[in-house]
Amino acid sequence: MLSIIIPVHNVEKYIESLLDSIINGGFDAKNDEVIIVDDGSTDQTVDRIRFFEQNNEAFQYKLLTQNCTGVSNARNAGLKIATKDYVWFVDGDDMLPKGVLSFLHSIILKTHPDLIEGGYLPVNEDAKTFALDYEFREINTKKNSGGSAWTMIVKRNFLLENHILFQEE
């Protein structure tokens with residue numbers, strides 16, 4: 001159902017909170033996949049991901065490692081190995097609200113939209129929670145949409161069939 005693609009670079013301070021929020025968001029290993037693309041981290045990001053996996057039986061992920069080539073390249077690398085019908089590009093310092101994946105699953109199952117767009121709430125570094133705006137809306141691909149990659153859930157085939165990738169320059 002949903003491929004969550006996470007480019008990471010030196011986010012050791014945030015990555016466990018993000019992974020925990022994915023589990024609490026309704027992650028379902030049968031329907032969802034997490035693809036983490038480490039873009040040349042020089043801190044303990046990858047160690048923290050592996051530690052998280054060891055302590056959370058329900059968490060499964062694919063990890064790609066590459067030299068530091070930028071977030072666009074990392075997102076494209078994740079998209080190349082994604083297998084689910086929808087993709088969501090989430091950044092390594094984000095946090096998802098409780099139940100958001102279950103909520104998105106229900107939208108996808110009910111209407112099969114081309115694009116689901118939501119919002120976000122920024123938080124300061126000391127905050128313990130982050131929330132995406134639950135006012136998600138379905139968008140027909142014939143209409144224009146704006147926003148950031150991490151506010152949109154898109155049909156994978158739409159991206160692939162239309163050769164839509166992130167510009168790596």
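Which exposed residues does the face of α4 turned away from its buried side carry? The tour returns to this point at its third stop.

**Before starting**

This is a predicted model, in which local features need pLDDT of at least 70, side-chain atom pairs count only at pLDDT 80 or more, and totals for chains, interfaces and linings use all residues. Residues are numbered from 1 along each chain as its sequence is written, and side-chain values use heavy atoms, with hydrogens and water left out.

**Stop 1: the whole chain**

Display the protein chain as a cartoon. It has 5 helices and 7 strands; helices (H or I, at least four residues) and strands (E, at least two) are DSSP runs, numbered from the N terminus. Followed from the N terminus, the elements run β-α-β-α-β-α-β-α-β-β-β-α. Of the 169 residues, 45% are buried. Buried means under 20% relative accessible area, exposed over 50%, and partly exposed in between (1.4 Å probe, protein chains only).

**Stop 2: the largest nonpolar core**

Select Ile6, Leu19, Ile22, Val34, Ile36, Trp88 and Leu101. These residues have the most contacts inside the largest nonpolar core, which has 28 residues. A nonpolar core is a set of buried Ala, Val, Leu, Ile, Met, Phe, Trp, Tyr and Cys residues joined through side-chain atoms within 4.5 Å. At least two residues of this core come from each of β1 (2-8), α1 (15-24), β2 (32-39), α2 (45-54), β4 (86-89) and α4 (100-111). The largest share, 5 residues, is supplied by α4. In soluble globular proteins, nonpolar side chains tend to be buried together.

Now centre the view on Leu19, which lies in helix α1. Leu19 counts as buried because its relative accessibility is 0%. Leaving aside neighbours within four places in sequence, Leu19 is in contact (heavy atoms within 4.5 Å) with Ile6, Ile36, Ile49, Phe52 and Phe59. Draw a line from Leu19 to Ile49: they are 30 residues apart in sequence, and their C-alpha atoms are 8.1 Å apart in space.

**Stop 3: helix α4**

Select residues 100-111. The 12 residues of α4 should span 16 Å at 1.5 Å a residue, and the end C-alpha atoms are 17 Å apart, which agrees. The expected span is 1.5 Å times one less than the number of residues.

Within α4, Val100, Leu101, Leu104, His105, Ile107 and Ile108 are buried. They cover an arc of only 165 degrees around the axis, so they are on the same side of α4; the arc is that of the directions from the helix axis to the C-beta atoms. The face turned away from this buried side carries the exposed residues Leu109 and Lys110, which answers the opening question. Just after α4, select His112, which takes a positive phi of about 50 degrees.

**Stop 4: the aromatic pairs**

Rings of Phe, Tyr and Trp (its six-membered ring) pair if their centres lie within 6.5 Å; planes under 30 degrees apart count as stacked, over 60 as edge-to-face and the rest as tilted. By this rule there are 4 aromatic pairs. Select Phe52 and Phe59, an edge-to-face pair with 5.2 Å centre to centre and 85 degrees between the planes. Phe52 is buried, with a relative accessible area of 5%, and Phe59 is buried at 2%.

Next, select Phe89 and Phe166. Their ring centres are 5.0 Å apart and their planes at 85 degrees, so this pair is edge-to-face. The pair links distant parts of the chain, with Phe89 in strand β4 and Phe166 in the segment after α5 (156-161), 77 residues apart. Phe166 counts as partly exposed, at 24% relative accessibility.

Finally, select Phe27, Phe52, Phe59 and Tyr61, which ring pairs link into a cluster.
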